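Me: I would like to go through a protein model with you. Could you take my questions one at a time?

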Amino acid sequence: MDAANRQEIKMVVWDFDGTITKKHSCFFQKDFYIEEKLSSIVADPLVFRNLNLYLNKMGIQLGIASFGKRDIITSILDRIFEREKNPFLPKNIITPKVIAKRDDIRWEEGFEPPPRYNKVTMIQHLLSSYLDEGITFDNKEVLLIDDSLVNCAHAKDSAYRYIFLQGFNRDHGFNPLALENVKEMFKSISKDEFASIWTKFLDTYAQF
Ligand SMILES: [Mg+2]
């Protein structure tokens with residue numbers, strides 16, 4: 001990626017299952033997610049939380065595009081951010097049910113959506129609410145972080161930027177080695193310092 005492109009990410013869209021979480025939520029009920037220790041669900045809640053708080057501080061929009069269930073996603077985010085202000089706006093959590101409601105189609109929560117609908121459909125839905133406010137994004141300003149090669153391929157086809165997690169995440173779920181050694185710094189890091197870490201991170205992992 002050349003230098004001119006590095007800092008143009010304006011929206012980061014996270015996949016949920018296997019990306020934010022270590023376990024796939026299709027196998028569990030909401031109760032499980034409430035009772036289970038957070039560290040057994042999310043690979044590194046502190047890194048994930050601080051990373052997203054910093055991205056938010058830098059004015060980067062945050063979203064989640066998932067084939068999973070909204071109440072499970074929301075309950076996990078509540079636990080990750082605890083008393084911090086959750087930087088994920090409710091309107092930015094896109095699931096099949098959200099799209100079904102907006103498009104007035106029958107597409108329930110589940111893991112086998114019709115081929116017409118995929119992660120790109122979800123990202124477009126996410127961006128459409130900004131369009132209503134007159135805010136637009138170039139596709140290359142949108143970054144999908146996902147542990148599915150298929151989802152990344154869809155993002156690539158639509159010229160979104162993407163990070164395919166498999167290969168550098170530990171124990172399935174977001175824990176990039178690139179951020180491993182800055183974990184402690186997150187506690188006192190300045191905005192400028194974070195900006196340069198983020199740039200390096202994109203430089204290393206983001207693809208077109
Ligand atoms: Mg996934």
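Me: How do β1 and β2 pair, in the parallel or the antiparallel sense?
Reply: Strand β1 (residues 11-14) and β2 pair in the parallel sense over four bridges. Strands here are DSSP runs of E with at least two residues, helices are DSSP runs of H or I with at least four, and both are numbered from the N terminus. Two strands pair if DSSP finds at least two bridges between them. This is a predicted model, in which local features need pLDDT of at least 70, side-chain atom pairs count only at pLDDT 80 or more, and totals for chains, interfaces and linings use all residues. Residues are numbered from 1 along each chain as its sequence is written.

Me: Which residue of β2 is the bridge partner of M11?
Reply: The bridge partner of M11 is Q61.

Me: And is β2 mostly covered or mostly open?
Reply: Strand β2 (residues 61-65) is mostly covered, with four of its five residues buried. A residue is buried if 20 or more other C-beta atoms lie within 10 Å of its own, exposed if 12 or fewer, and partly exposed in between, with C-beta atoms placed from the backbone.

Me: What is the strand order in the sheet?
Reply: The five strands form an open sheet in the order β3-β2-β1-β4-β5, with parallel pairing. The edge strands are β3 and β5 (161-164), each of which pairs on one side only.

Me: Which helix packs on that sheet?
Reply: Helix α7 (residues 119-131) packs on the sheet and touches β1, β2, β3 and β4. The direction of α7 makes about 140 degrees with that of β2; axes are lines fitted to C-alpha atoms, for helices over the stretch in contact, and angles run from 0 to 180 degrees between N-to-C directions.

Me: Which residues touch the most others in the largest nonpolar core?
Reply: They are V13, I123, L143, L144 and Y162, out of 39 residues in that core. A nonpolar core is a set of buried Ala, Val, Leu, Ile, Met, Phe, Trp, Tyr and Cys residues joined through C-beta atoms within 7 Å. L144 also stands opposite Y162 in β5, and four bridges join β5 to strand β4 (residues 142-146).

Me: What is V13 in contact with?
Reply: Leaving aside neighbours within four places in sequence, V13 is in contact with G63, A65, I123, L126, V142, L143 and L144. Contact requires that the C-beta atoms of two residues, placed from the backbone, lie within 7 Å.

Me: Changing topic, how far apart are the end C-alpha atoms of α4?
Reply: They are 18 Å apart, which agrees with the 18 Å that the 13 residues of helix α4 (residues 45-57) should span at 1.5 Å a residue. The expected span is 1.5 Å times one less than the number of residues. Among the residues of α4, F48, R49, N50, L51 and N52 are buried.

Me: Which residue with a positive phi follows α4?
Reply: It is G59, with phi near 85 degrees.

Me: Where is E82, and what is its phi?
Reply: E82 lies in the loop between α5 and β3. Its phi is near 45 degrees, a positive value in a residue other than glycine. Most residues other than glycine have a negative phi.

Me: Is E82 buried or exposed?
Reply: E82 is exposed, because it has 10 other C-beta atoms within 10 Å.

Me: What about A159: buried or exposed?
Reply: A159 counts as exposed, with 11 C-beta neighbours inside 10 Å. A159 is found in the loop between α8 (149-157) and β5, and has a positive phi of about 65 degrees although it is not a glycine.
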